[in-house]
Each structure stands twice: as structure tokens, then as C-alpha cells.
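This report walks through selected strands, loops and helix pairs, then turns to confidence. Please read it alongside the structure shown here.

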Amino acid sequence: MNSERFREIEALFHAAREATADERAALLARTDSELRREVELLLAEGKRGEFLERPAIEHAGYLLEDTAALPARVGHYAITRKLGEGGMGVVYAAHDGRLERTVALKTMPALANDEAARKRFWREARAAASVNHPNICQIYEIVEDEGELFIAMELLEGESLAERLRCGPLSVSETVRVGFGVLAALSALHARGIVHRDLKPTNVFLTPHGVKLLDFGLAGPELSLIAADAITRTGMVAGTPRYMAPEQVRGEPVDARSDLFAAGAILFEMLAGRPAFAGQSVVEMLDATLHEQPPALTGSPAVAAVDRVIRRALAKRPADRPLSADVMADELRKVRVVDGDDRMALARALTRLVVLPFHVLRPDPETDFLAFSLPDAIATSLSGIGSLVVRSSATAARFAGDAPDLKALAATADVDRVVLGTLLRSGDQLRVTAQLVEAPGGTLLTSYTVQSPLGDLFRLQDDITRRVVESLSLPLADDVAPSALDAPRNDRAYELYLRANDFARTYGGLARARDLYLRSLELDPRFAPAWAHLGRCHRVIGKYIDGSTDSEVHAEEALRRALELNPRLSLAHKFYANLEADIGQPERAMLRLLAEANRHGNDPELFAGLVHACRYCGLYEQSVAAHAEARRLDPNVPTSYEPTLLMMRDFDRLFAVVRPPLIAGGDDGFRVIGLGLAGQRDQARRALIDMREASRLPVFQSWIQDLTRWLDRRPADMLVEVSVLSRVKVQDDAEVIFQQGWLLCDGGDYERGLRYVQRAVAKGYFAVPTLLNSPQFDALRNDSAFRALVMDAEAARERALTAFREAGGELLLGR
Amino acid sequence: MPDRANGGTPEASGEITNLLRAWSSGEHAAFDRLAEQVYPELRRMARRYMKNERQANTLQSTALVHEVYLRLVDVHKVEWRERAQFYAMAAQMMRRVLVDAARARASKKRGGSAAKVNIDDTAVLSPAPDRSILALDEALTALSRLAPRQARVVELRYFGGLTEEEIVAALDISPRTVRRDWDFAKAWLSRELNR
């Protein structure tokens, strides 16, 4: 080829690559056919991603190894070169002279002097050799040569997943593809009763013909013995325990579900580019396996969907994992990898942060409220950042104290970064020292002291927030300044606002909080967060405490003001959605939360809100999915998952709900109703008695009384008392009304029951599946009023479902 | 910092530094003498790297030329451009080290005990059997006749493990040119080897 021709080819190659698809087609169409063919060939070659991408030494370094040390032959195999060396032995490339094929030959020196291990090895090797599956490296034979055992197996082209991971994380679509291969292989092994036990990236091979699994069943149960023994001796384990399931770490029996845990850990590592469980030492790593969760992954809806599959596989209890490799593969199959950007989307691990209440160095009635409300305000402004998930102040409050237990924080509150602080007032100055600490290790990442006049609380808060953001070394895109719309304009107003936040934490303080918000707003009527909180106060007071008639109107007005001042104020949207569900607009609530979640998908409270809103719309599956998403982001976020299960009449799952450790008490009303409906009235009564003792709010007492009458089959006595409490707005809640109607029908009082259910649907409770499937309504099936009611609910539910889909809910929640 | 005890003595380091500066300022004769010193050191370190590698030690392979540089050159006496040129030379040496090893193997096999090995391309664990490095070497030499700069970029990146920045400094071209040259040469070589 002459160099002129070469230049032509090169120039066209670059022009074509830098053009858009349309331009490229036009460009190539203008070119003579021979040149075009050359360039098209080169463009196609350019897509061979792996070629030359890793440095020569990694490909060809083996050439430098001493060949003299190789054995010449083993049995009828001629050794050609060494491929690798691992804990179990050496792997050679060898040539089978009889069948004229090249194989991989693995030595098993550990077995040479152990008769029992040898027997077990043969037994397992026979089972393993019987598996013939495209995703499993085929075992050809076991060779015994001069007392040493060798396995001859398929020689694979490509690289191990471990090698691939050194070049960084995989895209979602690659991850899913490799995941399918691994799960298909596991399914074939499990079908033959073989548990892999040692699934890890070095055993997963990526070949041009797909994924191949190696070394199954051969590592044997001795692995766990090695682990327990060797860790204490040297702090090192032969092989890696990084992918071991908790039961393996504890030396308990393993089964197929232990392999699914490892598969989950591998999926996580592919997406995140870092191990699911890490630590400075093996002991720390094992500790993380037993007690911690890897961070939630974000980046695209598909990333979140794969992460949900990962999370189930990584459940600490085998019973909570998918039932089988096939079930897990089905879950993965539901992940929709949308074409375009999503296909190549890379995941980011969310940084999980908690801002603990500050420690007051010298008690001072004037400033003590800041111990809670300053960190709370910092947490709120941090929570807008894309790759952070900030734990709620309720979670933080559980760990108040001067020496927090970082291990417990990492394991129970599911965090890896903690902000701690101290407060000291001296004269009219306030001195705050804030520290950012890594959990559970305790490494101090930054320490920062600010001193400012008492009147300048916002600057204090803002300084600390910025400093924390800097030290978290978050991706650049996250470098967001707190919205100017949220900056208060009046120092005194801001102080009142922070004081109010402190009161608003308990039911008893809500009325005082409301008054303080009002005073704050008199001084600074343009401060949106105060309006939002005021709205919440009005709603909660009206719903549960005093039932003031126009509480909903006040609440809505305040929330509207907040959103007029700052349409992006997440807090206001969350509060507003709660109110909308109360006032018969669950579809609006749902759409509001979906829109917010589309903007910043890592706020667990938005999904917790969707659990509620979707249920009111009659979209139970979506409500369950929202619960999974909320808990993926924060294992401790309270959600109304239990009533959803009750409405689905999924009593088994309802009774099996284990509340996360940080959600205290909760009420068991839904469990009681579930037990009663499932015919377990005695257990329901016992649960009710416990509930009565635990509950303090008067409104719950009347509910408990009604539930008792229901269990005693006295429907006529239900819901008859006209008490002060009947004014409380919770009695107007569509869901409460529906349940009352449901229970009345269960007691046989169909007339009143139907009226209640009608009211519930009219007030925005579209419980179609429950209406259709509950035997309690069977007697009403031919009643024309009931049928009309079902049709109304059905139409409303359909509308909500369409709106859910149009708002991108399916992509967001994976269904 | 690497320990000098195992590597170049201060005198050797001084000599190499002088050679590097001489070559860098245009004395072509200095190149061969420089290469003489660098080649065995690079081979020694590459072997050590492979040994560590087998023990699953995650040494960065790209660090190899950097490490050789630190061991052989008095870093206080050279400028960044000279350093870049050293890396470029070391990349070329690395190519020779690997090609020589592949040739040695090939000849040994012809006469050795494990004769008649027919490497089946569809079933090879490593993507680069002995002969593929030789084929690549030939294709790269052929490419350098048509497009010397583009071939150099491949040599620096693939054999030397140099970063884009280092290639920019060594060849005195823009980052964009480095990327374009790499993309084109890679496609070209891939097609040559798969013909």
C-alpha cells in the first residue's frame, strides 16, 4: 500500500468516527467502494474493545517465566506452559496426545497425603464431571500420576472476572449478562445436588462464548474449616472469604442459598467496582459479612433494579434469599435495561451518612435546642445531594451520647460516614466543633471548628455543611450549593424555626412547634421550610390530636405557600403528599412523589410515601415495590408496608414482617386485623392486649376498643360511641373508614359495612383487589350498590395506574 | 522509594543519567548504550513482576517503566521531557524483552520435549499465545513504515504502559492526536492480525 492511500484511509476513518450516524452514512456513500470497504472494516475492528487494552506485560508476561521448572508430562498429557497458581495448586496448559486436544490440567497437591480428603474429592469430582452445561467448564477426567491427582478440564479463552474487575466496574447490561451465566451454571449444579461453596470472581470466566464457571464442588467443605482455623492463627485465610455467606462464616451447614449470597456479592462488585464486604483485615471483612449491608447503588433505574435483586440475595438469613438460582435469574430478567445511556450506565455506591445530635459541653437552656435542631438542619441540607443518602434525625437520635458506638452505627443504622459535634456557648458566642468520621473503622476524615455570634445560626450551619461536603469527596456533579431559596433572611426567625423543629419531634410538642413556626413566619414570611413544617403541624394536630375543623385547609395553605416560595422543596412535597392522601387525592400524592423521586431517586422517605399513596390508589404491587425501594435506601425507614400486606390479604407475609431494629414499637393493629381475618382470633386478642398497654394516644384507645368488639363478634357495638375523639380527623381517613366497613361486613353487619366502604371509596380509597377477593364481601356480590361501588373504584384505580405508568413509575420501581 | 541497594549503584545511575541527557539532546549514539543498560534491568524487573503477579499481588504493571526509571536515573538531574523520553525508550525495550522471550520459546519448542504442540486458537486460556506477540511485533513494524507516529503510540501505551499524558510529553503531540492515533492503529493492527 502506498502512503497516499494510507492517508486517505486514515482521514476517512477519523471523519467517520467523529460524525453522527447520519453524517457517517452520507460520508461513506460518497466514497469509492474499495476505500469504503477498507474503512468499514477498520471501523468494525475498532469495536473490538479488549484488543491491546491491557498492557503487554499482562498478556505476555508469562513468556518471561522459567520454563525449566515445568514437568514435561503427566500421564498422557504433555505440559506446554503454566497458566496460573492458586491456593489449591498449579494449573498448566497441556496437550492430550491421544485425543489431539489442548486442556487445562490442575494439580491437587493438598490431597496427596490425606486419604479421607482424597475419597471425598473423588466422590465430588465424579458428580462434578457429570455436569454438562454451556456455562460450566467441562471436566474431562481425573488423572492419577505417581500418587498425585490432576483434573483435566476444558481450556478456556478469555479472562477471569477478577481480571476484568481490575479494569473497573461493568455496565449494567454487562453485569446482567454475566449474572445470567453464573445463575444458569448454579442452577445446573444445584439440580445435581452440588453446592459450589467457593463462588468468586476468579472462578468466573468470561470467554467469547459466554460465562464459564470453574472449580465447583471441588473446594469442598474443608474450606470452612480452613477459615475458622487459619484466621485465628495468622489473620489470613487460604482462598478468600470475601464471598462467603454468613452461615459459611459461622461454620454452619451450607446449601444452594449460600451460593446465591456469593452470586449477589459478585453482582454487587461488578456494578460497584468494589467488593460488597470489605475491611482492613479478614476479621473486619467477616464482621461486615455478618452484620453490615453494602451501600445502595444508584446511577439509573436499571442499576437500582439490579441492586434490589442483589439485596435479596445478600440477605443475612438464607430464608430471606431467593428460593433458587432460577428464581433469582427471573428477578434479574425483570430488570429493564433501556437502550441508550442506560445500557452503559455505571453504578455509584451511595455514601450513607448520619448526623448525630451534637453533644452539649455545658448545658445552657438558651441554646440546648441546637443540640438536635442544628444537626437536623445540616442533615436536611445534605440530603439534597445526589450520591448521598442521609439517615433521618429519628435514627440519629437513637445514637445520641458523647461516645457513639460506631460499629453499631454501621451495622444497625447502616451508615459509613458519621458527623459528630460538640456545642459550647460562651457569652454571646457559640462554638461548634464538627467531625466527620468513617464507620465502623473510626478514621477521622475532618474536624472543623466554627465560632459565631449566637444570632448567626444559619451561617454556622452552612459552614459546617459545606465543610462536610468537601470532605466527603463526592463526584463533581454533586457539588451543589444549598438553594438560595432556602436561606433565611432573618436570624431571629431562623432561631425560632430551629426551636420549633426541636418541639415538633413529639406529639406533645406539636402545638408549641406550630406557634413557634407562626412567630418565625411573622418575622420572615418568605422562608419556605417554615411554611412546610407549619403545614405538617396543622395536619398532624388535626388528624390525631384535636380535630380542629379546618386543620386541613390550614395545612394545605401553608404547604402551598412553601411550594410557591420554593417549588423544589422536597420536604414540602413529602408533607403535601401525606395531606393529599388524607383529603381524597391519593393519585395527586402519588404523582407528586414520583416526580420528586425522578428528580432525586435516593430519598428513602419519598418511596416510603409511595407505599402509602399507591395503596390508597389500589396499586398494591406498586406499594410493595416502593417499600422494597425505600428499604434498599434505608433499612430503617418506617413505611406502611403492613397495611399494604393486609389489604392484599397476604397474611403469611404480614405475620412474618420483622421490623427493623430502629423502628420502635409501632402499632400492631394491622397484625391484629390480619390475625382476626385469618381466623386466629385468640392470637389477635393477645396482640390487642399488648397493644393497649403500649399505646398512649387516646385516639388509638378507641380503635383498640372497636377491634375488641369486632373480635368478640359484636358488630352492633362497633363505632357507636360519640366521643370527643370522633372529631379527630383520623376518623375521616379513607383507609380507616374502609377497614371499619370491612370489619363490619366480617361481623355480618352488611348494611353499615357497605355504607362505610362506599364512603371510603368516595373519599379516595380504591381498594379494588380487596373488594374483589375478600370473602367478607361475598354476601354483597349481587348487591347493585356494591357492584356500582366496585366499578367506581375500578375506574379510579385504572386512572391511577395509567398515571403511574406515564409518570415513569414502572421504571423507577421496577414494575 | 525503591531501594538502590539492589539496583543501580550511584555511579551507574550517574552514567545512565548522562547518557539519557546526551541522547535527549540529539546524540543518537547514546541510545544504544542506554538500551544496553536498561534492557537487562527491565527484564529482571518484569520477571519479578510476573512472580508477584502469580502470587496474586496486584502490582500495577504500568509502574514497571516508572520503577526502572527511579532505579536507574538520578531524578534530580533530569527534566520532565527527558523523563518522558526515557519512558519511551523503556517501552521500546519492553517490546524487545517480550519479543525475544517469545522467540526463545518458539525455538525451544521446536527442539524441545513437548513437540508437536498445536495451539488451538479457540481454546487458549490467555488471549496471547507465544506467536501472537511475534505477529503483533511484525504488524507493528510494518505499520511504522507507513505511519511511524501511530506505531509509536501503540508501542508506548501497549508495551510501556504509559499514560496518555506521558505519551503527549514523549512524542510532543496533542492529547487528541494521541487518542486518534491509538484508535486508528488499534483498528489497523487488529485487522492485520485477523486477516
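S8(A) and S9(A) make a hairpin, with two residues between them. The model is predicted. Strand S8 covers residues 204-207 of chain A, and four bridges tie it to S9(A). The two strands run antiparallel. Within this pair, A:Phe205 has A:Lys212 of S9(A) as its bridge partner. A:Thr207 lies opposite A:Gly210 of S9(A).

S8(A) also pairs with S7(A), through two bridges, and again the run is antiparallel. Here A:Ser160 has A:Phe205 of S8(A) as its bridge partner. Together the three strands form an open, antiparallel sheet in the order S7-S8-S9. Which strands stand at the edges? They are S7 (159-160) and S9 (210-213) of chain A. Each has a single partner strand, so one side of each lacks a neighbour in the sheet.

A helix accompanies this sheet. H7 of chain A, residues 172-191, lies across S8 and S9 of chain A. The helix runs at about 40 degrees to S9(A).

In a regular strand, side chains alternate between the two faces of the sheet.

Strand S5 (residues 139-145) and strand S6 (residues 148-154) of chain A are joined by six bridges. They run antiparallel. A:Asp145 stands opposite A:Glu148 of S6(A).

## Two loops with backbone features

A:Glu100 also has a positive phi, near 55 degrees, in a residue other than glycine. A:Glu100 sits in the loop between strand S3 (90-96) and strand S4 (101-107) of chain A.

Another loop holds a cis peptide bond. The bond runs from A:Ala439 to A:Pro440, with omega near 5 degrees. A:Pro440 is placed in the loop that links strand S16 (429-438) to strand S17 (444-453) of chain A.

## Helices H19 and H20

Helix H19 spans residues 491-503 of chain A, and helix H20 spans residues 510-523. Their axes come within 8 Å and cross at roughly 165 degrees. Angles over 145 degrees count as roughly antiparallel, so H19(A) is roughly antiparallel to H20(A). The crossing is left-handed.

Which residues of H19(A) meet H20(A)? They are A:Arg492, A:Ala493, A:Leu496, A:Tyr497, A:Arg499, A:Ala500 and A:Phe503. On the H20(A) side, the residues are A:Arg512, A:Ala513, A:Leu516, A:Tyr517, A:Arg519, A:Ser520 and A:Leu523. By type, the residues of this contact are nine nonpolar, one polar and four charged.

## Helices H23 and H24

The next pair is H23 (residues 570-582) and H24 (residues 586-599) of chain A. Their axes come within 7 Å and cross at roughly 160 degrees. H23(A) and H24(A) are therefore roughly antiparallel. This crossing is left-handed.

H23(A) contributes A:Ser570, A:His573, A:Tyr576, A:Ala577, A:Glu580 and A:Ala581 to the contact. H24(A) meets them with A:Pro586, A:Arg588, A:Ala589, A:Arg592, A:Leu593 and A:Glu596. How many residues of this contact are nonpolar, polar and charged? The contact of H23(A) with H24(A) has six nonpolar, two polar and four charged residues.

## Confidence

The model scores ipTM 0.82 and pTM 0.71. Chain A has a mean pLDDT of 84, and 87% of its residues reach 70 or more. Residues 219-239 of chain A fall below 50. Beyond near neighbours in sequence, that stretch has 28 contacts in the model.

Chain B has a mean pLDDT of 75, with 73% of its residues at 70 or more. In residues 1-8 of chain B, the pLDDT is below 50, and the stretch has ten contacts beyond near neighbours in sequence. Residues 54-59 of chain B are also below 50, with five such contacts. Where pLDDT is low, the predicted coordinates should not be read in detail.

How values were computed: Residues numbered from 1 in each chain as written. Chains lettered and ligands numbered in written order. Predicted model: local features only at pLDDT ≥ 70, side-chain atom pairs only at ≥ 80, totals over all residues. pLDDT = per-residue confidence, 0-100. Contact = placed C-beta atoms within 7 Å. Axes fitted to C-alpha atoms, helices over the stretch in contact; angles between N-to-C directions. Parallel < 35°, antiparallel > 145°, perpendicular 65-115°, else oblique. Left-handed = near helix turned anticlockwise from the far one by under 90°. Nonpolar A, V, L, I, M, F, W, Y, C, P; charged D, E, K, R; others polar. Pairing = 2+ DSSP bridges.
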